[in-house]
Amino acid sequence: MIFTLQSKQDKQLEQFYQQVMEELGQFFGFNWTKNKPKVFLVPDRKTIDTLREEKTPDWLVGGGGAREGYVFVLSPKNFETESNHQYSDEEWRALLKHELVHCFYHVVTGFISRPRWLCEGVATCLSGQNEWIKPVTKFESFLDDYATAGRSAYREGGSVVEILLKQFGKEKLIELLEKIKQEKPDENGFSKLFESVYGIKLSYQELNKLKETS
């Protein structure tokens, strides 16, 4: 596969990138100084399909990560024609931040993305995308998104992470992510790991109780 690349000079976007990298460095506890992820603005769906090596759905507008050394997001110019999303500057920047969160997340977890609801939930929450998601009234399906990322991984996952941060702080979340790297748990092992860190069972019942008090 061959691509034509061209460097883009955009002061505002470069400033936003630096701001996000500093903010996420403070959150995750390390400064990313070398081999920072590169940002590719891809022009169309065909290019996304080529990068992903698969036919992608219209809602998918970003990807990549720390292992690849880059993130890509659909260019603002063709955002509405090449996806099923409406465009706004704020939401597009949140999308870019979402993909950069994944880079930090994967470094901390040793490139382990399961459970997917946690991986996507952290990126959705920290990027500010919860603001544009319909509020969750009851958690009922995100646990199904352990190995694959369905809608609940983003919608419910982002809300779960937001509640965990409010109730327990970021230190517990970082502890959980670091233990994922250390223990490399399967699905059952992750449930035990979650309980050991937070002191509650990983269940809809327990998390809905937390939701009521947050």
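Lys184 sits in the loop between H6 and H7, where helices (H or I, at least four residues) and strands (E, at least two) are DSSP runs, numbered from the N terminus. Most residues other than glycine have a negative phi, and most peptide bonds are trans. Lys184 is also exposed, with a relative accessible area of 59%; here buried means under 20% relative accessible area, exposed over 50%, and partly exposed in between (1.4 Å probe, protein chains only). The model is a predicted one, so local features need pLDDT of at least 70 and side-chain atom pairs count only at pLDDT 80 or more, while totals for chains, interfaces and linings use all residues. Residues are numbered from 1 along each chain as its sequence is written, and side-chain values use heavy atoms, with hydrogens and water left out.

Stepping back into H6 itself, this helix covers residues 170-183, 14 residues in total. From its first C-alpha to its last it reaches 20 Å, close to the 20 Å expected at 1.5 Å a residue (the expected span is 1.5 Å times one less than the number of residues). Leu173, Ile174, Leu176, Leu177 and Ile180 of H6 are buried. Seen down the axis of H6, these buried residues fall within an arc of 155°, so they line one face of the helix; the arc is that of the directions from the helix axis to the C-beta atoms. An α-helix has 3.6 residues a turn, so residues three or four places apart point the same way. On the other side of H6, Glu171 and Gln182 are exposed. The buried residues of H6 pack against helices H1 (11-28), H3 (89-109), H4 (116-126), H5 (151-168) and H7 (187-198), with contact meaning heavy atoms within 4.5 Å.

Ile174 makes a handy close-up of that packing. This residue of H6 is buried, with a relative accessible area of 10%. Leaving aside residues up to four places away in sequence, Ile174 touches Phe27 and Phe28. Ile174 and Phe28 are 146 residues apart in sequence, yet 6.9 Å apart in space, C-alpha to C-alpha.

Phe28 turns up again in the largest nonpolar core, which has 61 residues. A nonpolar core is a set of buried Ala, Val, Leu, Ile, Met, Phe, Trp, Tyr and Cys residues joined through side-chain atoms within 4.5 Å. The residues with the most contacts inside this core are Phe28, Leu118, Val122, Leu173, Phe190, Phe194 and Leu207. At least two core residues come from each of H1, strand S3 (70-74), H3, H4, H5, H6, H7 and helix H8 (204-213), and H3 gives the most, with nine. Leu207 touches Phe139, Phe142, Val160, Leu164, Phe194, Ile200 and Leu202, again not counting residues up to four places away in sequence. In soluble globular proteins, nonpolar side chains tend to be buried together.

Five of the five residues of S3 are buried, so the strand is largely enclosed by the rest of the structure. Tyr70, Phe72 and Leu74 are on one side and Val71 and Val73 on the other, and both faces are covered. S3 pairs with S1 (38-42) in the parallel sense over five bridges, two strands being paired if DSSP finds at least two bridges between them. Phe72 is the bridge partner of Phe40. With strand S2 (residues 62-65), S3 pairs in the antiparallel sense over four bridges, and Gly65 stands opposite Tyr70. S2 and S3 form a hairpin with four residues between them, and Gly69 in the turn has a positive phi of about 85°.

As for the cysteines, a search of the whole structure finds zero disulfides, a disulfide being a pair of cysteine sulfur atoms within 2.5 Å. For Cys103, the nearest cysteine sulfur is that of Cys119, 10 Å away. Cys103 is buried, with a relative accessible area of 0%, and Cys119 is buried too, at 2%.

Asn35, in the loop between H1 and S1, has a positive phi of about 50° although it is not a glycine, and Asn35 is exposed, with a relative accessible area of 71%. In the loop between H3 and H4 lies Pro115, and the peptide bond from Arg114 to Pro115 is cis, with omega near 0°.
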